[in-house]
Every structure is written in C-alpha cells, then in structure tokens.
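Here are my notes on the salt bridges, as promised. Have the model open while you read.

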Amino acid sequence: AIGVDNLPELRRALRRCFDSVGSPWTSAWCLADSGCRVPNSGRKKKSQQKQQFGQPGSFELVCVSELIDWQRERRQSGRALPVWLKQLAFCLGYRGGLQFFCLVGDAFQLTERPVAQSFLVVIRRLIELHLYKEAAQAATALYIQELLSPDELVLPLIGQDKVGVAEEFLDSNPDAQLATLRYLDDALENGKSLVLELNDRRLPDLRPEKLLPQQLRKLLDRLTKKFGVDPADVCPARAKRLTADKVRFLLRERLINRCLSRAALSEQLDQLIDPILDDPELQREIVTSLMQHGKLDEALNYSLQEFCWTMEDLPHRLQDRYEAWRQLPGNWAEADSEDDQSAGFPGGFASASASAESPTLTLPLELESDGVVWVDSAEEFQLAVGHIQAASRLGIDAEWSSNSNSCPASSSALIQLLQIAIEEPNRRVYLFDLPSLLQVKQQHWLSLTGVLADPAVPKLGIGIGEDLRRLSQVLSAAGSPLPSAVQFNGLVDLDGLAKRLVAEHPELLHRLNRSATDECGGERGLSELCQQVLGRRLDKSERLSDWSRRPLRRSQIVYAALDALCPLLVRQALLLAATSDESRLIVESMFLPAMAESDLKTASTNNGSVIVGVDPALRGLDSRLRDQLGSDLHAEFTVKHVQSSRVHR
C-alpha cells in the first residue's frame, strides 16, 4: 500500500519485514513478483507493465536492492537457499532487464558456478526459441558467457543487427571476447558463409548485409580495439591483413606519390619484417610492385638479402639484373645507394635530392654549415630557448613516428622531433630531440612553453595545432612538468593559403613570376605553398621516415629543417612582392593569429582605442567593431603599426 512514491517509508517497511520473517529471500521474491500490482505512478497502463518491470524506480527493483543491503548489514548469504527458490528467482530476473537480472543474481546467489551452470539448459532453450536477447541477458547476469560458443549466441545477434546486445554480452567476460574474436577472424580467413548458416537455423529478422565480409572486418577491428587485444596473438588473419594494408600504403607512397625515400621504405618494412617473412604472397607483391615501377635494384635487394630467395625464385628480369651487377666491381648492394646515406647529425649537410621532373627546395647557404642546431641536452636546450625568446615570430613543425600496427600518419603516432625556426637575430632552425629531452628541468620547459603560449609571438606552420597538441601529450605521458592548463596561443595555420593566394591575391603571384592557378603538380599542404610562392616544391620523401631512429640521416635533417623554415621563407617572399603599404598590410595579415574577442576588449580597456587592419573584402566589419568595442575603425594603418609588438592587432 505504500508504493514507491514514498521511498524512505517503503525501505523501512521492507527492513521490518526482512527482520521479522523466517526467510527474507522468500518474502522478497513474493513482494517483487507481485510488484506489477503495487500502486506506482509510473504504471498507468497495462500495456506498459511488461516493459517497465524491473526498471529503475520500480517496486521490484527497490525490493531486491533492499534485500542486498539487508544481507550486507546482517552478514547473511543466500548460498544455502533451496533449488526451487533459486529457480523462481531466475524467472523473476528474466522478467526484467539486465540490470535487474544482475541484482537478482547477486541477491539470490545465482552466480555461484554450480548454480549458474544449472541454468545453462534454460538459456539454450531460449536460444532454440530465437529469444537471443533474453538468453544473452541471462548468461551475462550469471557470468557464464564463455560457456556459450560464439556461433550459438553472438552470431545470431550480429545477424539481427543487435550488435549492442552482443557487446554487452561480451564486455565482462574476457574468455568470451577472445573466443568471439577468434571465431570472426577464422570465418573471414576461410570465407565461411555465415548467412547460409543462419538461414539453415531459420533465424527470424535476419539482416544479411550485416554479415558481409566488409562489415565483419569493421566489427572485428572495432572489437579488437575496444577489448585491447593484440591482433597478432588472437586474430592472425586480421594481423596479416593489417600488415598487408600497411605495406601497400608504403609502396603507394614510395612508387606513386613519391613521398617515401628508399631508406625510409626500408626502415618501415624492417618494423614489419617478421610477418612479411611469414607471408610469401606479400613478399612477391612487394617485389612485383618495385619491378613494375622500374625499381629493379630495390626489388633485387629485398629478394636476396631480406627475403632470402634463391636464384631459381627470382623472376627472369631480376636474374638478368643480378648477372649484370656481378660484372661490376665492388658490392652490388652498395652501388645503388641513391641519396640515402646513413651519415648522422652533426657532420655537414647535403641538399635534398632534386627530381628531374621538378626542382626541390634546398637549405639556404647560411644554414648548411651551422644554421641547423641539434638540441639533445639541458645546456643546448637553455641556449636554444634563449634565442627563441628573442625572436618576433617562429616557424614550427614536428615529426612523428608510428608503432608497427598503425600507418605513420595515424592518431597513435608519437612525436619524436620538434623543429623551431627563427629569423632574427640570426636565421636558425633548432631541432629538439624529444626522447633525449623529456627529463629536462621544469624551469627550462616552462621557458619554452611560455613562448609557445605568448599570443604576441606568431607561430607559423601547417597543422601546427595538432603538432603542439601531440607535444603536450608526449610530455604529459612521460611525467614532464608541462603545465596541464597551458594553452598554445598565437598559432597561424597556413593550410589552404596557396588556394587563397590564387583566388584573392593573384597579383602577388604575378609579381613573383608565378602562375596564379590551382595546378601545383599534385602538391599539397606546405609543398603546394612552396611551389606556388617560391617556385620549388618540398622533397617529401622523408615524411614517412622512422623518426625514432638515431642518428638521423642527412636527408632527414634537411627535410625537418625545411619544414619549419619554409613558412618564414614564404612570408618573406610575399613581403618582397608587395609593392605598396596596402599590399604589405594584406601580406602581414595572412601571417598574424586571429585575435580573440576577449583580447580585443582588453585592448580597448587599456588603450582607449583600437587600431585594426582590415582586408577590404571584409565589408561591414567596421560597424561590428563599433558595436562591440565602442570605437571607430581607423583606416590609417601602416606597416610600422603591424611590426610594432606593442600594438594590438
């Protein structure tokens, strides 16, 4: 008569009941079983009774929860309950949802192994009746998921597009997770038709499209990541496919996109050499791809030195190539070294190799001797930060290195190198070796992050926000004292600037004798910008190098230095092309960070007026500024105002 509307009184009444009766479990079952007939503001329609049974706030759930609390306080246990009462409790839990079923299992000790196994017959009967969701909830509540094979329960749930129920079934049982992953992996490897298998069982509401190989691969990938399982240990077919996918990605970057040098390809394949050696078909694919693109020497090197093929295994073209190399003096494997010497830093620089198709950028002459500084100690760190603090703007980039299970550009990549370029007092590029600097003292890191957080110092780059975010993650993971609340300000992402120049300011490109078109030879990002403004592309063949190896090759050093320096070179070239104060102002505005509204209001408060440089295309900005700041827009905004570090932009 009390009902759940007066919950405190209901709990007290239940406690009095459990204390006064001989078997509180029998009383609790009777009360919960009759819960649908207890007055409840949530049950107004008979049609709603079934779906609301055991839901949060219901009488039966309060009753079972109170029984659990009572047992804990009185140190009582339902372990010795008669079998018939546990069977009734199972039926009670079955009527509600998973949460209610789990509570009933705890209250009546249904999860004890012998008791739980005794209900396996009932669960399999539910499966025979195609009540898969109910069977999954019962097995989950009793913690006996591993006793049901994946094809019994998980497969039908996937086929009915009830993946959420299947994941809920697997979440709390690692043994069932591994069994399911192995089952799906084996089915994909052997081309097993799961649709035909479920059709034989006359599965209702079957969704065949959910069992297509592509869908099952996506599901397997997601479950593997969710459960934190190493594919090499549990899913050999998936691990084999991931290796093949990465190898094809690397070959495409090397042979088609030309974004990977020979040495960089060798470094990446070295990380995958064990699964490659276990896959003869993948070995043949690597060799064939290299041969098709004219890389006979590389193909021969992999065939004989890495894969240990015999002469009989070699294709005829490679056999002929080998015979030709035998006529040359010296070691044939060393003759075709391209530009991938392993000479590390320091020791001088060589310009990045120029392609016959399109010239590439080289380091400015003043940097080739001592203008690129390798920073891997606390003393060098202090000296570099001192020079960086004196600079008015920075060029920033970072290089990442991935683990063997992901593509080099994936989100799991780890930052290995931070490059910061400055223009004054002397042009320099500092290469911070992150693995060597993680234990640098707190005040040193604070001095660098202070510069990176200063909104008055523009930081130029492509994807610079992502680079600094990953820097913060690496330092935090290593226990470095980087302030958790630090915000990197003054960032100027130049992504898309090349297209803006073509669309909005073609006159600047004409003065540089550049073609004001979108055609940049297929270049993207910073390379596209350099091609458009400087007339030369960036050699991106080291982009996917293994940046965790030390020492770095000279070509890697050159690539890393240019990545940070080029934004500053682009700005300088555009300023030289600007012939009027207005055009110089336009160029300067391209390389200035956006000013936050709070900063504008602060500037208005401190100085009484705000001077703002505006692109003529931004019509209506003057009225918006007047409404926001209460000050007029000044048209007289010369280059000297922009260059002054004290003026709010």
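1. Arg254 is buried, at a relative accessible area of 9%; buried means under 20% relative accessible area, exposed over 50% and partly exposed in between, with a 1.4 Å probe and protein chains only. Keep in mind that this is a predicted model, where local features need pLDDT of at least 70, side-chain atom pairs count only at pLDDT 80 or more, and totals for chains, interfaces and linings use all residues. Residues are numbered from 1 along each chain as its sequence is written, and side-chain values use heavy atoms, leaving out hydrogens and water.

2. What does Arg254 pair with? Its side chain meets that of Glu298 in a salt bridge, 2.5 Å from N to O (a side-chain nitrogen of Lys or Arg within 4 Å of a carboxyl oxygen of Asp or Glu). Arg254 sits in helix 16 (residues 236-255) and Glu298 in helix 20 (residues 296-306), so the pair ties together parts 44 residues apart in sequence. Helices here are DSSP runs (H or I, at least four residues), numbered from the N terminus. Glu298 is buried too, at 2%.

3. Arg470 and Glu466 are both in helix 26 (residues 464-477), four residues apart, or about one turn of the helix. Their closest N and O atoms are 2.8 Å apart. Arg470 is buried at 5%, while Glu466 is partly exposed at 28%.

4. Salt bridges with shared partners also link Arg11, Arg15, Asp19, Glu66, Glu73 and Arg74 into one network. Within it, Arg74 and Glu73 meet at 3.6 Å, N to O. Both count as partly exposed, Arg74 at 35% and Glu73 at 48%.

5. For the overall tally, the structure holds 42 salt bridges.

Terms used:
Helix = DSSP H or I, 4+ residues; strand = E, 2+ residues; numbered from the N terminus.
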